Amino acid sequence: GGLTWDHIPSTSGPDWYFVNRIAIHPLNGNLMLAATSSGVWRSIDGGTTWTRTLNEFAYDARFHPTDQTKAIVGVHDHGAAYSTDGGLTWTDSTGLGTPHRTEIRYSKSNPNSVYALGSVAGLLVTFKSTNGGVSFTQVPAGGGIQTYEAYNNVLWVSPTDENIVIVGGVYLF
C-alpha cells in the first residue's frame, strides 16, 4: 500500500536519474513505458526488466486507451513520436516543429484525437492530431501561453468530450 518501497535493481544507474513519466497500459499492467532523460524504456514484465527503445530525452509517454499496440511520447527539442507496436519502435510525428518540452494526451472519448502542448520560445503552443498522433496541426492558430521552457506545461483532455481541453503554463486556460 505504499508504506515501504524497494528500488527496482534494473532501474539503478544514470539512465534512471531523471524519470519524467511512467505509462502503464490500461489493458495490460505488465506493459510499461518510462520517459526519461536517457530515452524511452519499455517493460513487458511489470517493470522487472527494461529495454531502451528510443535514444532521445523524453518528457511524456502515453498509451492509447484501448489499443495496446499504440503509444505516443513527447520528446525533448523534437516534438513527438508514435508507436504502432506497443513501444518497440518509434516514428516521428509531423507538424509540431521542435518544442523544448512536449506533453501529450489521447482523448479517451475519441483516441484518434491526440493533443500536444509544446513550449516554444517561452510560450506554450497547443496542437491537435486527428490521426492518432501521426501528424499535428496547431490549434488555435497563432499565439501561446507564457511558460518556462521545461516547466509549467500541463495538459488535460476531458474523458467524455474531446473538444474540452485545459492547458496551463504560468496560468491555466
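**Close-up views of charged and aromatic contacts**

**View 1. Asp60, a buried partner for two arginines.** At 0% relative accessibility, Asp60 counts as buried (buried is under 20% relative accessible area, exposed over 50% and partly exposed in between, with a 1.4 Å probe and protein chains only). Asp60 and Arg105 join their side chains in a salt bridge, 2.7 Å from N to O (a salt bridge is a side-chain nitrogen of Lys or Arg within 4 Å of a carboxyl oxygen of Asp or Glu). This pair links distant parts of the chain, 45 residues apart: Asp60 sits in strand β5 (residues 58-63) and Arg105 in strand β9 (residues 102-106). Strands (E, at least two residues) and helices (H or I, at least four) are DSSP runs, numbered from the N terminus. Asp60 also forms a salt bridge with Arg62, and here the closest N and O atoms are 3.0 Å apart. Arg62 is partly exposed, at 22% relative accessible area.

A word on the model: it is predicted, so local features need pLDDT of at least 70 and side-chain atom pairs count only at pLDDT 80 or more, while totals for chains, interfaces and linings use all residues. Residues are numbered from 1 along each chain as its sequence is written, and side-chain values use heavy atoms, leaving out hydrogens and water.

View 2. Through shared partners, salt bridges join Arg21, Asp60, Arg62, Arg101, Glu103 and Arg105 into one network. Across the whole structure, the search finds nine salt bridges.

View 3. The structure holds three aromatic pairs. One of them is the tilted pair of Trp16 and Trp41, at 5.3 Å centre to centre with 40 degrees between the planes. Rings of Phe, Tyr and Trp (its six-membered ring) pair if their centres lie within 6.5 Å; planes under 30 degrees apart count as stacked, over 60 as edge-to-face and the rest as tilted. Trp16 lies in the segment before β1 (19-24) and Trp41 in strand β3 (residues 39-43), so the pair ties together parts 25 residues apart in sequence. Trp16 is buried at 12% relative accessible area, and Trp41 counts as buried at 10%. Together with Trp50, Trp16 and Trp41 form one aromatic cluster.

**View 4. Phe57 beside Tyr59.** The ring centres of Phe57 and Tyr59 are 4.8 Å apart and their planes lie at 50 degrees, so this pair is tilted. Phe57 is partly exposed at 26% relative accessible area, whereas Tyr59 counts as buried at 6%.
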